[in-house]
Amino acid sequence: MTFDYLIAIAVLTVFPLCVIYATFSDLLSMRISNLTCGVLVVAFFILAPLSGMSWQAIAIHSGVAVAALVMGMSFFSMGVMGGGDAKLIAAVSLWLGLGLTLPYILAASLLGAVVTLAIVGLRKAKPALPDAVCNWRVMAKVLDRKEGIPYGLALGPAALFVFTISPWVTSAAQASIAAAA
């Protein structure tokens, strides 16, 4: 087993698991923890240089993440998005960098519109839904009009989708092929 293969395994484990955890955490509790976003950030700064990313590229990725955080926190201050959502967007943008952050935000926005319309539709249909559905803990929270929209349901899948076309996955695939040869 080569060092590159171990880095590939780490990349293909840490990013997806953190994003999946954030998605389900937001669905179940309407919260995305600082710890989850922090693990994504720390893992990036460990794995990026180990995977061969230049310091210049790391700096560009960092700048993109800061810009995404400023944008997200601006939306948070306007009450449009949650703070956890803003931090997750920034952490994901750190991994995706300049070339893939805009496609990520576009995918998350489109999926977010679908999620929002579905939840609003479910909330309007609540009186017609069976009690078993309405009393299920997860659905009760989703159907509560006082709750916000768990936007992590859009942010997570969009991040995973865009991640599949990232250099991280391409490099991991190459390392896996080299290790198998």
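My entries follow, starting with the ground rules.

**Ground rules.** I am working on a predicted model, where local features need pLDDT of at least 70 and side-chain atom pairs count only at pLDDT 80 or more, while totals for chains, interfaces and linings use all residues. Residues are numbered from 1 along each chain as its sequence is written, and side-chain values use heavy atoms, with hydrogens and water left out.

**Aromatic pairs.** A pair of aromatic rings is described by the distance of the centres and the angle of the planes. My cut-offs: rings of Phe, Tyr and Trp (its six-membered ring) pair if their centres lie within 6.5 Å, and planes under 30 degrees apart are stacked, over 60 edge-to-face, the rest tilted. With this rule I get seven aromatic pairs. I looked at Phe15 and Trp95: the ring centres are 5.2 Å apart and the planes sit at 50 degrees, so I log the pair as tilted. This pair links distant parts of the chain, with Phe15 in helix H1 (residues 3-29) and Trp95 in helix H4 (residues 83-125), 80 residues apart. For the helix labels I use DSSP runs (H or I, at least four residues), numbered from the N terminus. Phe15 and Trp95 are both buried, where buried means under 20% relative accessible area, exposed over 50% and partly exposed in between (1.4 Å probe, protein chains only).

Next I took Phe44 and Phe45. Their ring centres are 5.2 Å apart with the planes at 80 degrees, so this pair goes down as edge-to-face. Phe44 has 0% relative accessibility and counts as buried, whereas Phe45, at 39%, counts as partly exposed. I also noted one aromatic cluster formed by Phe15, Phe44, Phe45, Trp95, Phe163 and Trp168.

**H1 against H4.** How do H1 and H4 pack? I find an angle of about 165 degrees, with the axes 12 Å apart. Axes here are lines fitted to C-alpha atoms, for helices over the stretch in contact, and angles run from 0 to 180 degrees between N-to-C directions. That makes H1 roughly antiparallel to H4 (under 35 degrees is roughly parallel, over 145 roughly antiparallel, 65 to 115 roughly perpendicular and the rest oblique). On the H1 side I list Val11, Phe15, Val19, Ala22 and Asp26, which meet Asp85, Leu88, Val92 and Trp95 in H4; contact means heavy atoms within 4.5 Å.

**H1 against H8.** The axes of H1 and helix H8 (residues 167-180) come within 8 Å and cross at roughly 140 degrees. By those angle limits H1 is oblique to H8. Asp4, Tyr5, Ala8, Val11 and Leu12 in H1 meet H8 residues Trp168, Val169, Ala172, Ala175, Ser176 and Ala179.

**Single residues.** His61 is in helix H3 (residues 55-77) and is buried at 12% relative accessibility. Leaving out residues up to four places away in sequence, I see His61 touching Phe44, Met53, Ser93, Leu94, Trp95, Leu96 and Gly97.

Is Gly112 buried or exposed? Gly112 lies in H4 and is buried, with a relative accessible area of 1%. The C-alpha atoms of Gly112 and Ala154 are separated by 4.9 Å, although the two are 42 residues apart along the chain.

Conventions: Helix = DSSP H or I, 4+ residues; strand = E, 2+ residues; numbered from the N terminus.
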